[in-house]
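Look at the sequence and the model before reading on.

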Amino acid sequence: MALRATYEITCEHLPFVSMVASVPDATLLVRLVPSQDEYTPFIVTVQEGPAPAVEKAFDEAMFVAGYTRLDESDAPPQYKVLPALSMSDHFPEDFDVGGLKALADTDSLVDEIRVTQTGWIQSGCFADRATLAEFQSFWERHGSFRLRRIKPASRPHAEADGLTEPQREALLAAAEQGYFAVPRDASLADIAAGLDISASSLSERLRRGQLALIETYFDGPDA
């Protein structure tokens, strides 16, 4: 089943991470321009914050060879940024650049990247759980990976299972993070933090969701 997921990567070596420390009020969204070259250009959107401060940070960043503003409209400023270093030179020697490139060949589409002071927050679509697990495994080897949100990419018949959207999201997150494993790999508090809800709210959603599935697929519990 295709999934849509949002997850947080902690890795100080990712592009623009060190730069945003100098512009803490700015929110940067990054998109990679497809290229066979190791000098992959980026499209950077300043979603929030002062564009002049971001441009000053570009000027001072060793990672940036040059940049061009793509428009002068009232829309959030966008820049095409050319890297000064290849991927192999940008990351440390023990970083698996080949493995990073291999992720681009998986059945996935990362369509949003937000830069933080510790790494990236990425959102995208993945063909199945195994594909998402490849991303998780890679980033756990090179920093850390925290799943924030996961849901089916499309549900043409979702209403037939009797679940509400919050119940479905809670059940999927719990399953993905190992709450139903024996022994459990995650606590209610761990999963609730990723969903930005309390542990008690998550517990209620899980109970109601499981009851809805029982009533849908097993004609309800015995009276």
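What covers the buried residues of α2? The cover includes α1 (17-20), β2 (27-32), β3 (42-48), β4 (64-69) and β5 (78-83). This is a predicted model, where local features need pLDDT of at least 70, side-chain atom pairs count only at pLDDT 80 or more, and totals for chains, interfaces and linings use all residues. Residues are numbered from 1 along each chain as its sequence is written, and side-chain values use heavy atoms, with hydrogens and water left out.

**Helix α2**
- Ala 51, Val 54, Ala 57 and Phe 58 are the buried residues of α2 (residues 51-60); buried means under 20% relative accessible area and exposed over 50%, with a 1.4 Å probe and protein chains only.
- These buried residues fall within an arc of 115 degrees seen down the axis, so they line one face of α2.
- The arc is that of the directions from the helix axis to the C-beta atoms.
- Pro 52, Asp 59 and Glu 60 are exposed, on the face turned away from the buried side of α2.

**Helix α5**
- Helix α5 (residues 129-141) has 13 residues.
- From first C-alpha to last, α5 reaches 18 Å, close to the 18 Å expected at 1.5 Å a residue; the expected span is 1.5 Å times one less than the number of residues.
- Thr 131, Leu 132, Phe 135, Phe 138 and Trp 139 are buried in α5.
- They cover an arc of only 120 degrees around the axis, which puts them on the same side of α5.
- The buried residues of α5 pack against several elements, including β1 (3-10), α4 (97-103) and α6 (165-176).

**Ends of α5**
- At the start of α5, a side-chain oxygen of Asp 128 reaches to within 3.2 Å of the backbone nitrogen of Ala 130.
- Gly 143 follows α5, and its phi is positive, near 160 degrees.

Methods. Helix = DSSP H or I, 4+ residues; strand = E, 2+ residues; numbered from the N terminus. Contact = heavy atoms within 4.5 Å. Polar contact = N/O pair within 3.5 Å; in protein donor to acceptor, adjacent residues only side chain to side chain.
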